[in-house]
Amino acid sequence: MSQIPLPEGTSAESPDADDARDDSTRQIAPDVAYRQLAIVNVVFVGAPGVGDGKWVLIDAGVPGSAPAIRAAARERFGQNGRPGAIVMTHGHFDHVGSLESLAAEWDVPVYAHPLEHPYLDGTRSYPPADPSVGGGLMALLSPLYPTRPVDVGRRLKPLPDDHSVPGMPGWKWLHTPGHSPGHISLWREADRFLIVGDAFVTTKQESVYSAVTQAPEMHGPPMYFTPDWTSARQSVRRLAALAPETVVTGHGQAMRGTQMRAALDELAARFDDIAVPDYGRYVLQSGSAS
Ligand SMILES: [Zn+2]
Ligand SMILES: [Zn+2]
């Protein structure tokens, strides 16, 4: 399976500016920053210094990442570093790790697609991970990853039917299923900014080496947790058709520009070759015809 490397010039990061700001985030738009916590990214939407209730957290990291998220939020936004809401791209364990504790501590609503609610209100577990795909240690270890749902109770709310995003004027949520049933991405037309979630990622997440070093490549959704490859293909094609200028994904570095778009177009065009495993638990049932 050949992959699509992302050349150096595609990084959306500004390390010097990040060092100067020193709030432990990587800022990729004046009001969008992210932080890598172990293997996964969380995204902060809001301008620096806006204060409590005026920004939104996207996803909640791996278990144990609450202190790092809390610290980055205080440094970046000031006051108590409390957001107005948390928006979930989906409910996999590496995105909900600190969700219960942060939602309770901040007492804020948690917005997710209704199809993802069973995994966030304690009613349903995800299907088991598929260790046979991707050929890396992260994939081999995947049966050990938690699939049990978290429960944020009464704080869980559906994303609005009109596709607006609470606390994020100018943004729309897009249903991008495949990697999980209620997976969403977030899109801002004004600067063509895409918060992807795991619909595609910019590192080979199946390999522990790439997951840690984040070698940049345009990659389909993490294979071991993707049960519906037909929907996953449609979602990548829909996102590529938007022609985003900047993308921040659940795993890997934020990327931008023409070469990023070329790589995303190639992933969309050759999705079955590049992203879909040749074999595995979920491949036969979803088919690979395009
Ligand atoms: Zn995921
Ligand atoms: Zn993930």
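User: How many bridges join strand S10 to strand S11?

Analyst: This is a predicted model, where local features need pLDDT of at least 70, side-chain atom pairs count only at pLDDT 80 or more, and totals for chains, interfaces and linings use all residues. Residues are numbered from 1 along each chain as its sequence is written; chains are lettered from A and ligands numbered from 1 in the order in which they are written. Helices (H or I, at least four residues) and strands (E, at least two) are DSSP runs numbered from the N terminus, and two strands pair if DSSP finds at least two bridges between them. Strand S10 (residues 184-188) and strand S11 (residues 193-197) run antiparallel, and the bridges joining them number 3.

User: Which residue in S5 is the bridge partner of valine 43?

Analyst: An open sheet of 7 strands, with mixed pairing, has the order S2-S3-S4-S5-S6-S7-S8. Its edge strands, S2 (26-29) and S8 (156-158), pair on one side only. Strand S4 (residues 40-45) runs antiparallel to strand S5 (residues 56-58), with 3 bridges between them. In S5, valine 43 is partnered by isoleucine 58.

User: How many residues are in the largest nonpolar core?

Analyst: A nonpolar core is a set of buried Ala, Val, Leu, Ile, Met, Phe, Trp, Tyr and Cys residues joined through C-beta atoms within 7 Å; buried means that 20 or more other C-beta atoms lie within 10 Å of a residue's own, with C-beta atoms placed from the backbone. In the largest core, Val43, Phe44, Ile58, Ile86, Leu99, Val110 and Leu267 touch the most other members. Apart from it lies another core of 7 residues, among them Met223 and Phe225. The residues in the largest core number 76.

User: What is the radius of gyration of the protein chain?

Analyst: The chain holds 10 helices and 14 strands. The radius of gyration is taken over C-alpha atoms, and the globule rule is 2.2 Å times the number of residues to the power 0.38. For 290 residues the rule gives 19 Å, and the chain's value is close to that, so it is as compact as a globular protein of that length. The radius of gyration is 17 Å.

Notes. Buried ≥ 20, exposed ≤ 12 C-beta atoms within 10 Å, placed from the backbone.
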